[in-house]
Amino acid sequence: MKRQIPLVLVFIFGMLLAIQYFVPSEPSQRGYEFVLDWITIIGIFAMVLGIWSQVHVGWSKIKHRSENWQYSIVALVSMFAMIAFGLSPFGGLQGTIFRLIYNNVFIPIQATIFSLLAFYIASASYRAFRARSAVSTVLLVAALLLMLRVLPMGPLADPISSIGSWMLLVPNLAAKRAIAIGVGLGGVATALKIVLGIERSYLGKD
Amino acid sequence: MTFNERLLALDRRWVFLVLTIFVIIPIFVKFAVPLSPPKEVRDVYNFIEDLKPGDYILISLDYDPGSLAELHPVAMAMLEQCYAKKLKVITLTLSQTGAQMAEEAVRDVADSCLVYHGFKPVPGIDYVYLGYKPYPGLIILGMGMNFRIPFPQDYNGTTLDSIPMMRGIKNYDNIKGVISLSAGNVSDMWVADGNGRYNVKLAFAQTGVGVADYYPYYQSGQIFGIIGGMKGAAEYEYLCKNPGTATDAMRTQVFAHAVVIVFIIIGNLAFFLGRRAKARTQESK
Amino acid sequence: MKYIILLFLTCLSLCLSQAILAQTASSDPPAEAALVPSEPPAPPGNLTLKDLPNDDGHGIAVKWDLSPDDGAGAKSVISYDIYRSLSPDAPDSLWKKAGTVVLGVKSYADKGNRESDNDDYLPKKTNLYYRVYAVGAGVRSVAAAAGPVQAYDNWFNTLKVPELIFCVVFLILTVRFINMAKRGIDLYVRPLAGIEAIDEAIGRATEMGKPILYCLGIGTAGDIATIASFTILGRVARKVAEYQTSMIVPCIDPIVMTIAQETVKAGYADAGRPDAYKEDSVYYVTSQQFPYVAAVNGTIIREKPATNIYLGYFLAESLLLAETGVMAGSIQIAGTDQVSQLPFFVVACDYTLLGEELYAASAYLGREPLLLGTLKAQDYLKAIALVCIFALLALRVFTGADVIHKPFDMPWW
């Protein structure tokens with residue numbers, strides 16, 4: 001029963017929503033909106049699961065003094081502090097403390113993590129862009145031309161910019177479109193497999 | 001270890017150090033970076049320029065603090081352009097962590113209009129910020145039926161029907177176009193659900209990493225323009241005649257790209273010299 | 001006396017507040033202003049009405065011939081106003097303005113609201129009447145009138161016929177190939193180096209006594225890539241249990257975490273070692289992209305896993321994860337359907353599954369007829385798409401025919 005009921009539900013809702021896509025009538029639209037509302041509600045319940053998991057894992061590490069358990073204290077204190085400051089008695093989401101932490105801690109930290117990409121790209125490029133073969137040489141030349149678009153190249157700026165735009169609009173587009181078609185078809189196939197109960201990995205194993 | 005081998009096995013921390021130095025230098029050494037906006041950026045600018053005062057436009061600020069550097073300058077320049085043209089601007093965000101950042105952008109640019117254009121757009125009359133709701137795909141679909149389905153109230157809790165500029169505005173049919181500033185897959189949802197289902201006119205501002213993915217949509221006409229990365233943001237500021245943080249950051253990008261190119265050249269030189277030395281050694285054996 | 005002054009001040013303040021409110025609301029489009037007729041343009045002709053196709057039963061398609069004064073002369077038409085009413089003889093106040101279109105446009109899709117308490121309510125199965133005026137500068141023509149017309153629900157969206165054909169063809173191909181697979185006919189699937197390397201990578205981790213890190217990406221449980229990754233996770237978990245090594249599975253979504261826990265637990269049970277499963281090995285980190293990658297990077301640097309497997313939906317954090325794995329000295333196997341991230345994985349990882357290879361992994365690993373059949377159907381559908389692309393391209397290049405766009409040019413009704 002533990003596996004049968006979810007499979008039946010997936011089949012019913014999958015088929016109904018697939019049919020709904022082709023049926024524009026009012027009952028169909030109302031049914032669709034009803035399902036959309038429920039997806040949002042279920043998502044909120046899932047958040048509760050997530051918070052429980054984080055508290056459970058963190059507390060377990062602290063209790064057993066596992067390796068680097070101190071980081072778990074920081075994680076849990078930060079989580080509960082932000083929840084507390086975001087609640088109305090402490091000013092809510094528009095409150096001073098929440099905004100202060102958001103603007104001066106959260107935003108800079110997120111931006112910093114993203115900025116690591118620049119350094120990692122540099123080290124990955126140094127390691128990977130070597131003309132070992134014909135194909136890797138093509139990759140190398142393409143990467144160099146696209147990076148040169150940004151540099152002030154004087155009289156070469158326009159030709160390089162044109163070549164770069166051509167590369168983005170023709171070969172890049174062709175390759176991406178081809179992969180996108182494959183991914184799209186693969187997505188439809190996987191969705192069909194899930195609706196028909198052929199793909200059951202999301203239920204766990206038998 | 002030969003010199004070539006040492007170069008090939010160079011500790012990545014040297015790369016990081018050199019890059020750090022060359023990223024810091026442009027902060028003190030100021031120079032202008034020539035910009036030549038391509039067609040896909042000009043198309044977005046011209047679309048807004050061709051709108052008439054009173055036309056409605058929706059700007060979706062779907063980015064988070066991680067992509068602040070590349071997309072926030074576009075948001076600032078675009079909002080100022082829309083306010084200056086006296087368009088009716090509907091703004092929202094589909095990014096969970098970007099809600100306050102977006103609200104501050106919308107408000108701060110409105111405040112700055114008083115200084116630069118002599119008037120201040122009034123919230124509720126010239127612009128409205130709807131805030132954030134989860135599940136971007138559902139929100140985009142919901143807005144196609146009626147803005148009030150996902151957003152019965154704006155960010156401040158005012159019901160949409162009591163906001164003067166939202167009276168009579170039902171869904172995408174009442175707005176001229178949507179511009180989404182996003183760093184992730186929200187753009188895919190806008191294309192599939194917004195343009196695919198409701199035929200809404202759509203343009204994107206994307207981070208440099210993801211922009212190449214959306215050229216197929218530009219070429220097929222599903223979107224009418226793309227602003228890509230820091231360069232795109234600087235080009236948009238250039239078109240708006242409003243140089244800001246992106247224009248300044250282009251200096252850093254020029255240096256950073258130059259450093260990466262130099263390292264790639266050094267790596268390849270070391271690789272070829274090493275291969276030649278190995279071939280000579282084998283020949284002599 | 002003071003009461004008279006108080007009354008006077010009250011009346012004055014009421015009048016002033018009304019004036020202010022009227023001014024505030026005046027930035028709205030003004031109510032219908034009385035049009036002063038001087039030289040009105042000629043009305044539009046041949047007004048036709050029909051139920052708007054492919055809608056929810058609250059729409060009417062209105063078409064007319066352009067006014068002879070459309071865009072010409074002193075009586076030039078600027079726009080057309082469309083009005084709707086429940087009765088042809090209703091007074092002007094009961095005619096609701098449905099919309100306005102600019103000059104040169106000779107159709108309008110009146111999509112009303114379906115809620116009866118809404119101002120823009122357009123009732124179903126009720127006689128409706130329309131008037132269309134040609135509007136000039138401060139003047140408008142006499143109305144072109146027509147009716148009655150009724151709006152009906154439509155039960156099939158004719159614009160989606162291509163999608164329906166595609167679904168039917170795909171189903172036929174799938175059933176055919178599943179039957180072939182069930183009959184024992186060998187369906188060739190080319191080797192996927194990334195999947196074949198997983199066993200070797202798990203063996204390496206066992207030898208080194210280090211854990212395996214399995215990252216499902218930043219997608220939700222509804223993302224196809226994440227679902228495809230669950231299949232491989234199950235097999236990895238079984239192998240990990242057999243080899244008696246450990247694994248770490250940090251998750252970005254609570255639902256993904258729940259499913260991953262079930263999958264890993266089942267993998268351990270399949271290997272006959274259910275007691276070895278540690279629930280804390282599959283855990284939720286955070287729902288945010290960069291905090292998640294910061295946490296996973298920290299785990300990689302501290303735990304130094306021998307093998308990192310990144311299979312699922314990834315965005316900009318892909319290179320952050322992969323480079324950190326390189327720094328930790330891990331073998332890395334990656335796969336994603338996000339085309340923009342594939343270059344980063346290719347550059348930084350030892351094996352990469354490109355796009356739909358990730359989806360094919362479940363069929364490749366299990367070799368079950370049902371899965372193999374759908375995989376082959378997918379391949380044949382790609383071949384059909386390729387043939388159609390070349391055929392339509394040749395048609396366009398040599399004859400100029402635009403077969404794709406024409407049926408969808410508005411207004412198609």
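Reader: How many helices and strands are there in chain B?
Author: Chain B of this predicted model has ten helices and six strands, where helices (H or I, at least four residues) and strands (E, at least two) are DSSP runs numbered from the N terminus. Residues are numbered from 1 along each chain as its sequence is written, and chains are lettered from A in the order in which they are written. Local features need pLDDT of at least 70 and side-chain atom pairs count only at pLDDT 80 or more, whereas totals for chains, interfaces and linings use all residues.

Reader: And what does the C-alpha trace of chain B span?
Author: Along its principal axes, that trace spans about 85 × 40 × 30 Å.

Reader: What share of chain B is buried?
Author: Of its 285 residues, 49% are buried, that is, with 20 or more other C-beta atoms, placed from the backbone, within 10 Å of their own C-beta atom.

Reader: Switching to chain C, in what order do the strands of the open sheet run?
Author: The order is 4-3-6-7, four strands with antiparallel pairing, and two strands pair if DSSP finds at least two bridges between them. The edge strands, each pairing on one side only, are strand 4 (96–102) and strand 7 (144–149) of chain C.

Reader: How many bridges between strand 3 and strand 6 of chain C?
Author: Seven bridges join strand 3 (residues 79–85) and strand 6 (residues 128–135) of chain C in the antiparallel sense, and in strand 6 the bridge partner of Asp81(C) is Tyr133(C).

Key
Buried ≥ 20, exposed ≤ 12 C-beta atoms within 10 Å, placed from the backbone.
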